[in-house]
Amino acid sequence: MTDPKTKQAILKMREDGASYAEIAGFFSLSPNTVKSICYRNGIHAPFGNCTETGLCKNCGKPLSHPTGGGRKIFCSNRCRYQWWN
């Protein structure tokens, strides 16, 4: 169980853009614990620069995001393969 002051500090750090791993290292917690605290308090993971703008990470083409699915970061499998290889 995490005390309320620590929870507030975690939420503040997350709102300021710190990653789950950074926050977890600072407080000596598991990144999953930090993620759970954030999700329970309505602070969800911000996406990287490419997905904030809705552009493919590899080629820069605009992305279309279907409803009910996860956020896309590549426009096609070809771009995904190129990026990882």
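**Cysteines and a helix crossing**

Tutor: Cys 59 counts as partly exposed because its relative accessibility is 38%, where buried is under 20% relative accessible area, exposed is over 50% and partly exposed lies in between (1.4 Å probe, protein chains only). This is a predicted model, in which local features need pLDDT of at least 70 and side-chain atom pairs count only at pLDDT 80 or more, while totals for chains, interfaces and linings use all residues. Residues are numbered from 1 along each chain as its sequence is written, and side-chain values use heavy atoms, with hydrogens and water left out.

Searching the whole structure gives zero disulfides, a disulfide being a pair of cysteine sulfur atoms within 2.5 Å. Cys 59 is in no disulfide, and its nearest cysteine sulfur, in Cys 75, lies 3.6 Å away. Cys 75 is likewise in no disulfide; the nearest cysteine sulfur to it, that of Cys 79, is at 3.5 Å. With 27% relative accessibility, Cys 75 also counts as partly exposed.

Turning to the helices (DSSP runs of H or I, at least four residues, numbered from the N terminus), the axes of α2 (residues 20-27) and α3 (residues 31-40) come within 8 Å and cross at roughly 110 degrees. α2 is therefore roughly perpendicular to α3, the range for that term being 65 to 115 degrees. Tyr 20, Ile 23 and Ala 24 of α2 make the contact (heavy atoms within 4.5 Å) with Pro 31, Val 34, Lys 35, Cys 38 and Tyr 39 of α3. These residues comprise seven nonpolar, no polar and one charged.

Conventions:
Axes are lines fitted to C-alpha atoms, for helices over the stretch in contact, and angles run from 0 to 180 degrees between N-to-C directions. Helices (H or I, at least four residues) and strands (E, at least two) are DSSP runs, numbered from the N terminus. Angles under 35 degrees count as roughly parallel, over 145 as roughly antiparallel, 65 to 115 as roughly perpendicular and the rest as oblique. Ala, Val, Leu, Ile, Met, Phe, Trp, Tyr, Cys and Pro count as nonpolar, Asp, Glu, Lys and Arg as charged, and the others, Gly among them, as polar.
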